[in-house]
Amino acid sequence: MGGMTSHETGPSASETPADAVSAVAPQLRALRRRAALTLEAAARAAGLSPAHLSRLETGQRQPSLPMLLSLARVYGTTVSELLGETTADRDAVVRADAMEPTFAGGWTYWQAGGAGRGMQALRVHVPHGSQGDIVRVHPGEEWIHVLRGRLRLRLGDAVHRLGPGDSAHFDSLTPHRIAAQDIDGVELLFVHTLLQSPTAALCLGPATATTHHDLGEMP
């Protein structure tokens, strides 16, 4: 879920709601600075070019879920915090009416778990034709459960088709790719374990050299 060379077919940054830009872009810059990383160092560790990370921080481009996962690992934080969720609220219950949508990279996210936790739970809508050719390899485990629509999941060399009620649980070091099969897209629950320590991220090293996140940009 991040990437090899690809041609981004999702909405452009100009098609992303302005409030999404204001929610995500400043957080990316603030958390990078909190981690005491230069733009170049953070981009290298996350498998991005400095120019692309700069565009994400200024709201000119919107990050995909793989980018958010990678940046969260590098900054020693969570996807929730990158999306602007506060860590002060530790309530065990997340009410449906409190799940505000966030838009990034053509996908829509709803926080489905507690903010600031080591295990991130999101409800995600993946549009048809959006980021279907993006492959990702990164530390951790992922659990995906299809709520509506049909999902095409590639794990290594195997291709799986999941319908409503189907789930997949896999090691994120297995190269993986997801895509919506239906024109209306697919809605799923996404749970991921994140490494919380920047030191641990440095020990593991950056994303695999064969993966690139410069979506929509030809090499």
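User: Which residues of helix H2 are called buried?

Analyst: In H2, spanning residues 39-46, the buried residues are Leu-39, Ala-42, Ala-43 and Ala-46. Buried denotes under 20% relative accessible area, exposed over 50% and partly exposed in between, with a 1.4 Å probe and protein chains only. Helices are DSSP runs of H or I with at least four residues, strands are E runs of at least two, and both are numbered from the N terminus.

User: Why are the buried residues of H2 said to line one face of the helix?

Analyst: Viewed down the axis of H2, they fall within an arc of 100°, and therefore they line one face. The arc is taken over the directions from the helix axis to the C-beta atoms. Just after H2, Gly-47 has a positive phi of about 80°.

User: What is the basis of the model and its numbering?

Analyst: The model is predicted; local features need pLDDT of at least 70, side-chain atom pairs count only at pLDDT 80 or more, and totals for chains, interfaces and linings use all residues. Residues are numbered from 1 along each chain as its sequence is written, and side-chain values use heavy atoms, leaving out hydrogens and water.

User: Why is Glu-57 counted as buried?

Analyst: Its relative accessibility is 6%, and the limit is under 20%; Glu-57 therefore counts as buried. Glu-57 belongs to helix H3 (residues 50-57).

User: Which residues does Glu-57 touch, not counting those up to four places away in sequence?

Analyst: Glu-57 touches Ala-25, Pro-26, Leu-28, Arg-29, Arg-32, Leu-39 and Tyr-75, where contact means heavy atoms within 4.5 Å.
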